[in-house]
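Here are my notes for anyone opening this one for the first time. Have a look at the model, then read on.

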Amino acid sequence: MAGLFGLVWLSLWRDVKRLEAALGAALGEGERPPWPWWPWFRRLADDIERLARGRSEQAATRARLAQAGALIVERLPDPLIVLGADRSVRQANGAARAAFGEDIAAVLRHPTLRAAIDRAYTERATQSVAFSLPVPVQREVRASVVHLLQELPDGGAAIVVLADRSREQAVERMRADFVANASHELRTPLASLIGFIDTLRGPAADDPAAQARFLGIMAEQAARMNRLIDDLLRLSRIEVDEHLPPTSRVDLRALLLRLAAAFEVRLAERGMRLDLALAETLPEIPGDHDQIVQVGQNLLDNALKYGRDGGIVRLAAQATGAPGRPGVAIIVEDDGPGIPRDHLPRLTERFYRVDKGRSRAAGGTGLGLAIVKHVVNRHRGQLTIESEEGHFARFTVWLPAGEPGSPDGDKK
Ligand SMILES: Nc1ncnc2c1ncn2[C@@H]1O[C@H](COP(=O)(O)OP(=O)(O)O)[C@@H](O)[C@H]1O
Ligand SMILES: [Mg+2]
């Protein structure tokens, strides 16, 4: 009987010893001095409690680390997307959302980037590619896909670093365009100025009447060069920021009322009448106030220049749009000679004019509608030109309503 009791006791003692050793190892405390028999179970319970506490602290630390990682990614100034082992999006940081909004999915679907992601996963090496996104506005994007080799605590396996190179490329393109177009457009008035200077110095040196006349023409040519340069600068400024949607809000009704008032005198000079039809309430829209004023000015200016004497210029605005795509349509229409059908598609090209002579005589630069188009593009809106020769020319600018800088207006 005593022998059996001793055997049970011995076996229990061995198990407790094993438990003690295992807990010591788990707690990282190794060999520990032997305990007297009586507080065994209490000390074991203490150890287990400590172990459990350690476990939950560890889990919290890991969660904090994962959170810190996510926060760093979120706050980095470059657009960054974290992909999981299955290549799904784990995180797109603030810069990526600001730059691409809902287009992030479209960016990742781009065949060039998809192929780079595939290569990065199979070769486990960084891949860099460049590609362009055609919609909603042309954008040049450079991307590096970095495989992390080891999974992050939150499941991230690779990161995609994006750089929007649209601005640099637009600047590049503009430089090339400027040399090609602008120098040509500027050369004409400049050549005429040089010609008159020669005349003033030579044949007209002693002819005050001719001098006065030539100086008048020269002043006109100089003013024309001035206008050209102004419009070119305006256009380039708009183009450079075209990929960044406006972030402020515009009260269209107030803006158009002020614009109409500013044009009234000039219209009256040509015996024209302004037919103003603004809806009582127009939604505030995300927009760049000065650029929208520029759009209105350019369109009204054209109606004034190319409309008919004594005609009617209509300026209308109303809320319209497809379901899920609210917006405002601004319409500028004149009842002048209109625009021949063949010219309509090319009208917004820079320096494109139906009648160069008439445009020049009216002080045009051929850049007005190009500016309108680029402003509308930047606002993710739409420009429609309709005309019936001999009857009317109608320009409709549709601008999306929605959160400023959000891609609401991009939904198709
Ligand atoms: N309301 C209009 N009616 C007839 N033609 C127009 C009208 N608006 C524009 N156009 C044509 O489109 C051309 C381009 O317009 P725009 O870009 O504003 O340049 P600009 O007015 O400086 O010539 C004009 O030269 C003209 O031929
Ligand atoms: Mg014009």
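1. Ground rules. This is a predicted model, where local features need pLDDT of at least 70 and side-chain atom pairs count only at pLDDT 80 or more, while totals for chains, interfaces and linings use all residues. Residues are numbered from 1 along each chain as its sequence is written, chains are lettered from A and ligands numbered from 1 in the order in which they are written, and side-chain values use heavy atoms, with hydrogens and water left out.

2. Helix α11. Helices here are DSSP runs of H or I with at least four residues, strands are runs of E with at least two, and both are numbered from the N terminus. How many of the 11 residues of α11 (368–378) are buried? Nine are, so to speak under cover, where buried means under 20% relative accessible area, exposed over 50% and partly exposed in between (1.4 Å probe, protein chains only). Among them are Leu 369, Ile 371, His 374 and Arg 378. The cover includes α7 (208–240), α9 (289–306), β11 (382–388) and β12 (392–400). Following α11 comes Arg 380, with a positive phi near 60 degrees.

3. One joins the side chains of Arg 224 and Glu 185 at 3.8 Å, N to O. Because Arg 224 sits in α7 and Glu 185 in α6 (residues 166–201), the pair ties together parts 39 residues apart in sequence. Both residues are buried.

4. Glu 333 and its partners. Arg 314 meets Glu 333 in a salt bridge of 3.6 Å, N to O. Arg 314 is in β9 (residues 312–322) and Glu 333 in β10 (residues 325–334), so this pair links parts 19 residues apart in sequence. Arg 314 is partly exposed at 28% relative accessibility, whereas Glu 333 is buried at 15%. Glu 333 also meets Arg 394, at 3.0 Å, N to O. Since Arg 394 lies in β12 and Glu 333 in β10, that bridge ties parts 61 residues apart in sequence. Arg 394 is partly exposed, at 22%.

5. A network. Salt bridges with shared partners join Glu 185, Arg 224, Arg 353, Lys 356 and Arg 360 into one network.

Technical notes: Contact = heavy atoms within 4.5 Å. Salt bridge = Lys/Arg side-chain N within 4 Å of Asp/Glu carboxyl O.
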